[in-house]
Amino acid sequence: MAHLHTVLFSAMLAGAIVPALAAGPAALRDYRALAITPDGKRVAALESLDPGGLPVRPHASVVVRDAASGAIVAQYDPCATCIYDHPAWSPDQQALAFISADAKAGTATLYIASAAGAAPAAVIRGVASTARWSPDGKRISLLATPGAKKLAGAVEAGARQVGEIGVHEDAQRLALVPASGGEAAMVTPPGSYIYEYDWTPDGKGFVVTSAKGNGDNNWWVAALGHVDIASGALRALAAPKMQMNIPRVSPDGRSVAFIGGLMSDFGSVGGDVFTVPLSGGVPQNATPRFAGSFNGLAWQGKQLIASALVGSEHAVLTIDPLKGVTRTLWSGAVGASGSRQGRFVFSADGAIAASVHEDFARAPRIVAGRLPQLAAITRDNDGFAPQVRASSVEWSNDGFKMQGWLLAPLGVDAGKKYPMVVQVHGGPASAASPRFVSDGEQANPLLRDLARKGYYVFLPNPRGSFGQGVAFGSANKRDFGGGDWRDILAGIDAAAKAAPVDTGRLGLMGHSYGGFMTMWGVTHSDRFKAAVAGAGIANWISYYGQNGIDQWMIPFFGASAYDDPAVYRAASPIESIKAARTPTLLYVGERDVETPAVQSMEFWHGLRAMGTPTTLVIYDGEGHAIRKPEHQRDQRARTVAWFERYLK
């Protein structure tokens, strides 16, 4: 029956095809937000072309491809000025649901795309995301924030803080829309913010992660619950002292699986896999002592299929939740991205997978296939040549084994020494993984520019990073700037032994946690001749009362700044500002919720008082993530010029 549906769908889609994305000179094609049909024969994605130098972010359309050949069989773009959210296939594979956001109108529109084209099904005044079909295909669920003051997520630019603040908070709620179209009916009350959800197989409810109060702040203390559609009642299932991602209900409706662990950012997923009965209870670890970090999850009958970062490689594994046994089906040293459900998407039986892969030598491409075989099904980016040479560096420190990536210029002269810039990743719960470096303006142009100027770039994964298991990822608790900093210094020594690096010309840079570590580095070492700190934290005490996400700090520091101020002061670079002699460029977004601009200003003020060369740039209207292309280009140019000035 599924095969018959696929044949009919292929024949009918001819009427839905619109002109394909037109490729310009050196236009890199970007693939995001994959969705695969239950039978694994079609893959949908958000695709865009970026020739570089655009005044706005490239516009994406929804593209449907044959999962075996990669051939485009349909394309939908009903709103040329909108941003689309992740598409979702209907259970019968005949339709796609996706949401478009119109920033000017302040609306979100749910579209249903089929052989007849894409038609609007509902309009929400506010923002919305994460459309999903009910098990019987008669309704579509989504997350909606009526009257939103800002985009969802702490990395987005914060709402202006004027008037009486903290009184009226955005509330992201579950809503339902008939598959035939109509008004969105809110299922959950405005008092709870819903982060993630999954349908129960009977179609009568959802499993959710949620918290009361400000949505930006409270994900770190979110609980697992069940929502009854008929009444809207939210029943608690579990509230473990960990961060939870990707709740997934088993096909028999008896169990809920999720990824849990110590995580510093919503959407940056890494931990072990846990299960808990749908009736509620204490979550059980299904992957104890696993030497990696899970980042994707789906049920495969009574077993689970998951993705994980294991050391320097991404992997696809099966998990027996009762026996706690894992089996690796596929692995590769690539950067992988898929959907909100993980780095890979799977057919209903788990046999077929799809993902977007890239590495330092090869540009992004969609891969798909019957596991364990995965092959590229898109070749649009094959003409892009590598701009760096990359190698994995491994070292040990304090009893830990760790790994990082060393990027080298394409041309290196024998007997010559080169400067090296150390880039510390954000998080801290994250990891540096292989990413393509383009010869255009589209992918990692900063690393490209540094390589062309003759710099090595070192990307370390110190303790606190994903990829080495829960113990390693938790080893920086109450120790920011301690063991993690010693790991980075040891990694620099290992990189210098592996390459012709001039250790007298070292630079340091990073954003967010990497920005903090840069501030820490220049106040605790004289090894660096130049530094660039983006969205950093200078003073953990003042930061605690300034940021919009103070809940994230309790799991990492063990207590609030009011209950244990000593541990916060010990990790504050401003406490050692008198030791800072390294010329330091600082930048931050004006409306950064996560690391407010006043933190960079405080560090800038301290450097100026010490007579240390410094510059501070605050980008107008930006949040934690610098989004506007002109600001990205300015920040990159300033960074390269800073290192050129002090390292050459």
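Is cysteine 79 buried or exposed, and at what relative accessibility? In this predicted model, cysteine 79 has a relative accessibility of 12%, so the residue counts as buried, the limit for that class being under 20% relative accessible area. Cysteine 79 is joined to cysteine 82 by a disulfide, with an S to S distance of 2.0 Å. A disulfide is a covalent bond between the sulfur atoms of two cysteines. The structure holds 1 such link. The angle about the S-S bond between cysteine 79 and cysteine 82 is 55°, and the link is right-handed. Cysteine 82 has a relative accessible area of 4% and is therefore buried.

Two helices, α4 and α5, were examined as a packed pair. Two packed helices are described by the angle between their axes and the distance between the axes. Helix α4 spans residues 483–498 and helix α5 spans residues 513–524; their axes come within 11 Å and cross at roughly 80°. Because angles of 65 to 115 degrees count as roughly perpendicular, α4 and α5 are assigned to that class. On the α4 side, the contact is made by Asp484, Trp485 and Ile488, and on the α5 side by Tyr513, Met517, Trp520, Gly521 and His524. Sorted by class, the residues in this contact are 5 nonpolar, 2 polar and 1 charged.

The largest nonpolar core comprises 83 residues, of which Met420 and Trp540 touch the most other members. Helix α4 gives the most to this core, contributing 7 residues. Another core, of 26 residues, lies apart from the largest one and includes Leu446, Tyr455, Tyr587 and Val617. For tryptophan 540, with neighbours within four places in sequence left aside, the contacts are Phe480, Phe516, Trp552, Met553, Phe557, Tyr568, Ala571 and Ser572.

Glycine 292 is placed in the loop between β20 (284–285) and β21 (293–300). Its relative accessible area is 1%, so glycine 292 is buried. Apart from neighbours within four places in sequence, glycine 292 is in contact with Leu309, Val310, Gly467, Gln468 and Gly469. Glycine 292 and tyrosine 619 are 327 residues apart along the chain, and their C-alpha atoms are separated by 37 Å.

Backbone geometry was also considered. Most residues other than glycine have a negative phi, and most peptide bonds are trans. The peptide bond from leucine 371 to proline 372 is cis, with omega near 10°. Proline 372 lies in the loop between β28 (365–370) and β29 (375–376). A cis peptide bond also runs from glycine 427 to proline 428, with omega near 15°.

Although asparagine 444 is not a glycine, its phi is positive, at about 50°. With a relative accessible area of 15%, asparagine 444 is buried. A positive phi, near 70°, is also found at glutamine 93, a residue other than glycine. Glutamine 93 is located in the loop between β6 (88–89) and β7 (96–102). Its relative accessibility is 6%, so glutamine 93 counts as buried.

Methods: Residues are numbered from 1 along each chain as its sequence is written. This is a predicted model: local features need pLDDT of at least 70, side-chain atom pairs count only at pLDDT 80 or more; totals for chains, interfaces and linings use all residues. Side-chain values use heavy atoms; hydrogens and water are left out. A disulfide is a pair of cysteine sulfur atoms within 2.5 Å. Buried means under 20% relative accessible area, exposed over 50%, partly exposed in between (1.4 Å probe, protein chains only). Helices (H or I, at least four residues) and strands (E, at least two) are DSSP runs, numbered from the N terminus. Contact means heavy atoms within 4.5 Å. Axes are lines fitted to C-alpha atoms, for helices over the stretch in contact, and angles run from 0 to 180 degrees between N-to-C directions. Angles under 35 degrees count as roughly parallel, over 145 as roughly antiparallel, 65 to 115 as roughly perpendicular and the rest as oblique. Ala, Val, Leu, Ile, Met, Phe, Trp, Tyr, Cys and Pro count as nonpolar, Asp, Glu, Lys and Arg as charged, and the others, Gly among them, as polar. A nonpolar core is a set of buried Ala, Val, Leu, Ile, Met, Phe, Trp, Tyr and Cys residues joined through side-chain atoms within 4.5 Å.
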